[in-house]
Amino acid sequence: MTEIPTLEQLHALGAAQQPTYDDPAAVAAAVTRLRTMPPLVFAGECDELKAKVAAASRGEAFILQGGDCAETFVDATADNVRNKLRVLLQMAVVLTYAASVPVVKVGRLAGQYAKPRSSDKETRDGVTLPAYRGDAVNGFEFTPESRRPDPQRLLDVYHASASTLNLVRAFTTGGYADLRQVHTWNSEFVRNSPVGQHYEAMAAEIDRALTFMQAIGANPDEFHRVDFYSSHEALLLEYEHAMTRTDSRTELPYNVSAHMVWIGERTRQLDGAHVEYFRHIRNPIGCKLGPTATADEALDLAAKLNPTNEPGRLTFITRFGAGKIREGLPHLVEKVTAEGVDVAWVCDAMHGNTFETSNGYKTRRFEDVLDEVQGFFDVHRALGTTPAGILVENTGDDVTEIIGGGEELDELGLAHRYESVVDPRLNRVQSLEMAFLVAEMLRRT
């Protein structure tokens, strides 16, 4: 299991959701160059995250995974990275207080540049071009030049990810993540936002706890810095394979493009290239499971991806939709648990709740997202199992992409500031509202 299959061997398995490049020599040159680039993360950091995921699977921690549905190169700026990080830190403080356990902070950033698509082509006004597959592959602009898959973009992903991770490390260790400052941001949200005022009582409780800690002179290092991990869907085999390295400590292979990588719903074929690749790397890994997944499929995936049943190694990220989770999830959790499979269950409440509005916008209802999270907690509470975390697609900006919530954004309001190039995201206010509401759920578990 320590020797990674070659790219040729993986592609021979019929790799799903891969771009079609028209210049094999340029692809080979990009991959060769990537193989020489320094790691973006280190194996020891991946092992730390694996231990924290294991703790979450036992109820001793809670995972908050959030960020963009699809990053873009133009948005890999200091301001955007800071805003994303800020809202995740704000959410984490609220969830930490409610759950009374550490919150493991995992960003969907520094690598989330490729997206699977339902069709290889897109047609507009009689013109057919390759579908936009994320900035890692091609451009969003609907022109032949932009939509041509360009292997040089694989190198652009590396450089954008490196700069993003450098910023994250600077922010999380340089005072920006100080607990009291983050709580001050939340206090401002509660005080100044009509939505936030609903959560005044919990904010006041957190404030009293911090005041008490200050009064007794408690000032641990954890108040001033946080551990923050990166993750993305490892979709493009050329990039992920080129970013796989052998750890000098253990002689085991790790994907050093992110601390955690996951397999998507469209690429989790048991005999497919992605599962074959993932079973060799030693990172903590995830696997999406939608409403079509059966308990037997989940067990087969666990047996292949985590044959030694290592704690923290495998996370099942469920994405059923609000209307299906209460019926579909129990069968999976019951059978997997009964077989003694060690897995962390995380709820992706976003992808199963997407629809298109009458005015042509791809969106989600805040209330549906919240209801799926509630259903996730309800199922685990009924079965006596552990809800290990949530995954949200969000941004720190005041975009208008998801309807509902305390702001009561409607379909017409989506046009005001709809900026996502793929899937709609919770904005800053909706993200914080979600954190306070999930905190209430955590207190009841």
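1. Crossing of H12 and H13. In this predicted model, helix H12 and helix H13 cross in a right-handed sense. H12 covers residues 325–338 and H13 covers residues 366–383; their axes come within 9 Å and form an angle of roughly 40 degrees. Angles under 35 degrees count as roughly parallel and 65 to 115 as roughly perpendicular, and the two helices are therefore oblique to each other.

2. The largest pocket: extent and centre. The volume of the largest pocket is about 790 Å³. Its lining comprises 29 residues, of which Thr96, Pro102, Val103, Lys105 and Glu222 are the closest to the centre.

3. The largest pocket: contributing elements. Two or more lining residues come from each of helix H3 (43–57), helix H4 (78–99), strand S2 (103–108), helix H7 (179–192) and helix H8 (200–215). The element that gives the most is H4, with 5 residues.

4. The largest pocket: composition. By class, the lining of the largest pocket holds 20 nonpolar residues, 2 polar residues and 7 charged residues.

5. The second largest pocket: extent and centre. The second largest pocket contains about 370 Å³ of space. It is lined by 19 residues, and the closest to its centre are Arg266, Arg319, His351, Lys362 and Asp423. Strand S12 (354–356) and strand S13 (362–364) are the elements that give two or more residues to this lining.

6. The second largest pocket: composition. The lining of the second largest pocket divides into 11 charged, 4 polar and 4 nonpolar residues. The reader may set these counts beside the 20 nonpolar, 2 polar and 7 charged residues that line the largest pocket.

7. Backbone at aspartate 125. Most residues other than glycine have a negative phi. Aspartate 125, however, has a positive phi, near 50 degrees. This aspartate lies in the loop between strand S3 (121–124) and strand S4 (127–130).

8. Backbone at glutamate 251. Glutamate 251 is not a glycine, yet its phi is positive, at about 65 degrees. Its location is the loop between strand S6 (244–246) and strand S7 (253–255). With a relative accessibility of 53%, glutamate 251 also counts as exposed, since the cut-off for that class is over 50%.

Key. Residues are numbered from 1 along each chain as its sequence is written. This is a predicted model: local features need pLDDT of at least 70, side-chain atom pairs count only at pLDDT 80 or more; totals for chains, interfaces and linings use all residues. Side-chain values use heavy atoms; hydrogens and water are left out. On a 1 Å grid over the protein atoms alone, a cavity is a set of points where a 1.4 Å probe fits but cannot get out, and a pocket is an open set with protein on both sides within 12 Å along at least five of seven lines; lining residues have an atom within 4 Å of a point. Grid points are joined across faces, edges and corners, and a volume is the space filled by probe spheres set on the points. Helices (H or I, at least four residues) and strands (E, at least two) are DSSP runs, numbered from the N terminus. Ala, Val, Leu, Ile, Met, Phe, Trp, Tyr, Cys and Pro count as nonpolar, Asp, Glu, Lys and Arg as charged, and the others, Gly among them, as polar. Buried means under 20% relative accessible area, exposed over 50%, partly exposed in between (1.4 Å probe, protein chains only). Axes are lines fitted to C-alpha atoms, for helices over the stretch in contact, and angles run from 0 to 180 degrees between N-to-C directions. Angles under 35 degrees count as roughly parallel, over 145 as roughly antiparallel, 65 to 115 as roughly perpendicular and the rest as oblique. A crossing is left-handed if the near helix is turned anticlockwise from the far one by less than a right angle, and right-handed if clockwise.
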